[in-house]
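Keep the viewer open as you read.

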Amino acid sequence: MNDMMKKFLVLSMLMVCACAVFAQIDRRQTCANITTTAWNAMIDGKFEYVFNLFTPDMKRQLSIEELKDTWTNLELQMGKYKSTGITSVEENGPYTLTVTPVQFEKMPLLLKINIDSFYRIAGLFVVPGGEQYTPPSYVNTLSFIEYKLNFGKAPFTMDGMLSVPRANRTSPVVIILGGSGPTDKDGTTGYNKPLKDIAWGLASRGVAVFRFDKRTQRHGVTLFGSTYLKTFTPEQEYIEDALEIIALLKKHAKIDSTQIYLLGHSQGGMMAPLIAQRAKSLKGIILLSANAGSMQDLMIEQLDYLYSYDGPDDDGKKAEAQKLKVQAAYALRKDLKPDAPVDLLPMGTPASYWIYLNNYNQVETAKQLKRERILVLQGERDYQVPVKEYDKWRTEFSSKPNAQFQLFPQLNHLMMPGEGKPSPDEYSKANHVAENVLTTLSDWIKQQGMIKPEPK
């Protein structure tokens, strides 16, 4: 091969590489442009335009009317849209994922859109997203280390964050289950990260913590744009991942396998007794702001609390709240059929999900736990899971020696302090989980380590 031919081949290879790079850059820019166009159309109320950008699968899952309802519900909960940040683009298996910060009146959110190889929207999700995190004063970041652990099975592979005390011994571990919706590992709500507060607060006190993005958060853009959604239940949302994490941590060299606890916040607390029953190896469960009754009843009560006002309904919030109440009541029906239309149900969640919950009783399940210790904590200013839910737990377990209870005055649903009538507005202000909550948690966990297990 002569020098001229070599130079030609090298030049050809460089041109191919350059074309690949430019093609990749061009695709990323195109996907960012699609995101901007779709979001602007949502803002302008052009829902049919956005619908036409969907894949056939997405069109079957989310109608134009449901897309409009999604936007209305978003403004109902978060206030009016204010501004959009810079879109980032990353590869997500066969898709390209765009992530865009979007600011609403009450809190910042992240718009996540999955785009397929034909530049069609295969998934669209809005999830919590806050500003830079500042640790609370009770956290000592030098007292623990953090690293990721992988778990899950394709197509829903996952990872979570393990916070481990630096002490040269095995530690008890708390696995955190987030609340309803696409909760991330930090429990991001507006500018607050309550689950991160708890994780770092406990790790500073000698207790390891594992926290993770829920499957609906990590894979929501894929999950809610596919056939997986048709049979979706809390089994896929909570149970499968929690059981795998428990098995993973039992083998971890830094973890005391006899001291594994599950801390569930809100709906995570609702599901914790079932996970403990399945796992058969937990030392205890912690129910933080956990409902004792149905989620559907709670939804109706929350909407009544927030929108049961007199006077004109200029922005349609009261009308939308009434529609959500009707959907929640429908989801509570004992004769609910698996093929019930999604537009009759809350938040576009399929009938399979509500049927599963209608057949589950968290209080009765918790009563069957004989060996596992139970700690129930509640904020007195919680309007999302009000004190009467805490009272139900306490009444049902009044004679159970394995259960303890504590009510915290001045704390809200996130176990953060506040004053006056509780409302979503307080989540738009940066705050932290109260230190006495961390003290109660760590003291209780250490106390359980000194109690010998009861025979089953």
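Let's begin with Phe 397, which counts as buried because its relative accessibility is 2%, under the 20% cut-off for that class. The model is a predicted one. Phe 397 sits in the loop between α14 (387–396) and β13. Leaving aside residues up to four places away in sequence, Phe 397 touches Val 363, Ala 366, Lys 367, Ile 374, Ala 403 and Phe 405.

**The open sheet**

In which order do the strands of the open sheet of eight run? The order is β6-β7-β9-β8-β10-β11-β12-β13, and the pairing is mixed. β6 (144–151) and β13 (403–408) stand at the edges with a single partner strand each, so one side of each has no neighbour in the sheet. From one strand to the next, the twist averages 20°. Within this sheet, β7 (residues 158–165) and β9 (residues 208–212) pair in the antiparallel sense over four bridges. Met 161 has Arg 211 in β9 as its bridge partner.

Two helices lie across strands of the sheet. Helix α9 (residues 267–279) lies across β8 (171–177), β10 (255–265) and β11 (284–288). Helix α15 (residues 435–448) lies across β8, β10, β11, β12 (373–379) and β13. Their angles to one strand each are set out here.

| Helix | Reference strand | Angle |
|---|---|---|
| α9 (residues 267–279) | β10 (255–265) | about 140° |
| α15 (residues 435–448) | β12 (373–379) | about 175° |

**A hairpin**

Another pair to look at is β4 (residues 108–115) and β5, which pair in the antiparallel sense over seven bridges. Leu 110 has Val 127 in β5 as its bridge partner. The two strands form a hairpin with five residues between them, and Tyr 119 in the turn has a positive phi of about 65°. Is β5 mostly buried or exposed? Seven of the eight residues of β5 (residues 121–128) are buried, so the strand is largely enclosed by the rest of the structure.

**A helix pair**

Now turn to α10 (residues 295–307) and α11 (residues 317–331), which pack at an angle of about 165° with their axes 8 Å apart. The two helices are therefore roughly antiparallel to each other, since angles over 145 degrees fall in that class. α10 passes α11 in a left-handed crossing.

From α10, the residues that meet α11 are Gln 296, Met 299, Ile 300, Leu 303, Asp 304 and Tyr 307. Their counterparts in α11 include Lys 317, Lys 318, Ala 321, Leu 324 and Lys 325, along with Ala 328, Ala 329 and Ala 331. By class, this contact has nine nonpolar, one polar and four charged residues.

With a relative accessible area of 1%, Gln 296 is buried. Not counting residues up to four places away in sequence, Gln 296 touches Ala 328, Ala 331, Leu 332, Trp 354 and Asn 358.

**The whole protein**

Stepping back, the secondary structure comes to 15 helices and 13 strands. Of the 456 residues in the protein, 53% are buried. Among contacts between residues at least 6 apart in sequence, 68% join residues at least 24 apart.

Definitions and conventions
Residues numbered from 1 in each chain as written. Predicted model: local features only at pLDDT ≥ 70, side-chain atom pairs only at ≥ 80, totals over all residues. Heavy atoms only, no water. Axes fitted to C-alpha atoms, helices over the stretch in contact; angles between N-to-C directions. Parallel < 35°, antiparallel > 145°, perpendicular 65-115°, else oblique. Left-handed = near helix turned anticlockwise from the far one by under 90°. Contact = heavy atoms within 4.5 Å. Nonpolar A, V, L, I, M, F, W, Y, C, P; charged D, E, K, R; others polar. Buried < 20%, exposed > 50% of the residue type's maximum accessible area, 1.4 Å probe, protein only. Pairing = 2+ DSSP bridges.
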